[in-house]
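Good morning, and thank you for coming.

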Amino acid sequence: MSAKEEMLTLNLKIWRQEDRNDKGRFVDYKMEGVSTDSSFLEMIDMLNDELVKEGKDPVSFDHDCREGICGSCAMMVNGQAHGPNALTTTCQLHMRSFTDGDTIVIEPWRSRAFPVLKDLKTDRSAFDKIIAAGGYISVNTGNAQDANNLPVSKENADLAMDAASCIGCGACVAACPNASAMLFTSAKISQLAQFPQGQVEAAERASNMVREMDELGFGNCTNHAECEAACPKGIDLRNIAHMNREFLKAKVKGK
Amino acid sequence: MPSHNYFTYSIGKKQITAVTGLGLVGFTATHLAGNLLILVGADAFNAYGHALVSNPLIYLAEAILLGMFVLHIAMAATLTAQNIAARGRRYYIKNRSGRGETIASMTMPYTGTILLVFIILHLINFKYGAHYETTVDGVVMRDLFRLVVEYFANPLYVAWYVFSMIALGLHTGHGLQSSLQTWGLNHPKYTPKVKMVSVAYGVLVALGYSGLAIYCYFLN
């Protein structure tokens, strides 16, 4: 990685797909004068400017905050979710991670539960459905003063905070050899199970969220840990173990 | 007891696969311990085999073992089929992070299939194989030692056996640690140690079983 700005010439191989029903194909683009200081998404913006000028259809991709907190910028870069760098979303990936003359393959997330809408955009509403199945606390938690009357240990607070850093980008599903959503689902189940307020619905939550996840057609975790490695927020596999315990507790209670 | 629909959930199937897998890991350990009597001698090995089959509890043990195999295979096959379907269209390129998948973890369905074929042939060759007789301390019993040594006279059989035991080592090496995670046991301090023990167990069973097969080859 050099500190000095350089200009790169790159060969892009980007997945283009008209809509859900289109078969889709890779299209090659040659990019010249890409600054090593630009971000990966800025590089695609440059390409899209060119395509628009030529009267062609720009590459569709999801993006919003461009600072690694919204979880929109889902894409496989050279066969890795969010590209080659650990703990990094695609928007935080800089072109200095590539070298002059590189070929970069850009593909959408591949999962039956995340159908491709157009090019690199996928429909990730399946995650919203998993949350809607139980990823909330519906007991009345009162005002700030009441919250202070229910002590939460430092350890639980830390574990909940770590789990809460999940941005729901779907990289876990994309990277998992089984297209499993268990890291995502477990982060939500584990986060809420750390609190006394979350205990009330813990059994129903675990059971309902796992049921919803299964019905949406996600795969099953086989403990490879590719999700943990791909996760831009470093969500730990311990969350999956915690979900497995919560699920078992729920089933023992007959929920 | 878990509620009636436990099996219909992904995690339910995973936990059944895990607990039956742990049981089968235990079986590989006791079976290997029995096999080690080959090193002591023909009489010790044959007497052990005779003691096993003449205990009426053997039928119960065999039924439990068969049940574990059937459940393990049925659950794992269902999960694997769902996993293949869940991806849909394959990636054009997919690079591993280097911090997740291992050779053992990514080959679980393949090593499992090899082991299923192996077990069927193993039962045909040994349990239902040629019935020789010998006498140990005045008791007439099956001469399993002779059958084993004769079988391993063929280097091709030794090679197939060693190949299958490498599959067993890989399968248990991932399976042992994986089963604990599936039952919710993950600890920042102990899990790395559990993983090392799991891999060490895989290496030991592969070496133990293979070593005995090669030893029998040289007894000829």
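This is a predicted model: local features need pLDDT of at least 70, side-chain atom pairs count only at pLDDT 80 or more; totals for chains, interfaces and linings use all residues.

How many residue pairs are in polar contact between domain 1 of chain A and domain 2 of chain A, counting pairs with both residues at pLDDT 80 or more? The count is three residue pairs.

The domain assignment divides chain A into domain 1, residues 7-118, and domain 2, residues 125-252. Taken over C-alpha atoms, the centres of these two domains of chain A are separated by 29 Å. To the contact between them, domain 1 of chain A contributes 16 residues and domain 2 of chain A contributes 18 residues. The area buried between the two domains of chain A is about 1200 Å², and carbon and sulfur atoms give 65% of that area. On the side of domain 1 of chain A, the residues that lose the most area to domain 2 are L87(A), A113(A) and F114(A), which together account for 35% of what that side buries. Salt bridges between domain 1 and domain 2 of chain A number zero. By class, the side of domain 1 of chain A that touches domain 2 consists of nine nonpolar residues, six polar residues and one charged residue.

I turn now to the sheet in chain A. Five strands form an open sheet with mixed pairing, in the order β2-β1-β5-β3-β4 of chain A. Why is one side of β2 (25-35) and of β4 (80-81) of chain A left without a neighbour in the sheet? These two strands of chain A stand at the edges and each has a single partner strand, so there is no neighbour in the sheet on one side of each. At the β4(A) end, strand β3 of chain A, residues 76-77, runs antiparallel to β4(A) and is joined to that strand by two bridges. Within this pairing, M76(A) lies opposite A81(A) in β4(A).

One salt bridge in chain A deserves attention. The side chains of D57(A) and R16(A) meet in a salt bridge, at 3.7 Å from N to O. D57(A) lies in the loop between α1 (40-53) and β3 of chain A, whereas R16(A) belongs to strand β1 of chain A; the pair links distant parts of the chain, 41 residues apart. Over all chains, the count of salt bridges comes to 22.

Next, chain B. This chain has nine helices and two strands, and along the sequence the pattern reads α-α-α-α-α-α-β-β-α-α-α. The C-alpha trace of chain B spans about 60 × 40 × 35 Å along its principal axes. The two strands of chain B, β1 (residues 133-136) and β2 (residues 139-142), pair in the antiparallel sense over four bridges. T134(B) is found opposite M141(B) in β2(B). Two residues lie between the strands of this hairpin, where D137(B) adopts a positive phi near 50°.

Finally, the interface between the chains. Contact involves 53 residues of chain A and 43 residues of chain B. The size of an interface is often expressed as the accessible area lost when the parts come together. Between chain A and chain B, the buried area is about 4000 Å², with 49% given by carbon and sulfur atoms. Zero salt bridges are counted between chain A and chain B, while 35 residue pairs are in polar contact across their interface, both residues being at pLDDT 80 or more.

Which elements give two or more residues to the side of chain A that touches chain B? They are β1 (7-16), β5 (103-107), α5 (171-175), α8 (202-215), α9 (226-230) and α10 (238-252) of chain A. The most comes from α10(A), which gives 10 residues to that side. By class, the side of chain A that touches chain B comprises 27 nonpolar, 14 polar and 12 charged residues.

Thank you for your attention.

Conventions. Residues are numbered from 1 along each chain as its sequence is written. Chains are lettered from A and ligands numbered from 1 in the order in which they are written. Side-chain values use heavy atoms; hydrogens and water are left out. Contact means heavy atoms within 4.5 Å. Buried area is the accessible area (1.4 Å probe) that two parts lose on being put together, summed over both. A salt bridge is a side-chain nitrogen of Lys or Arg within 4 Å of a carboxyl oxygen of Asp or Glu. A polar contact is a pair of N or O atoms within 3.5 Å; within protein, one must be able to donate a hydrogen and the other to accept it, and residues adjacent in sequence count only if both atoms are side-chain atoms. Ala, Val, Leu, Ile, Met, Phe, Trp, Tyr, Cys and Pro count as nonpolar, Asp, Glu, Lys and Arg as charged, and the others, Gly among them, as polar. Domain bounds come from an automatic or database domain assignment. Two strands pair if DSSP finds at least two bridges between them.
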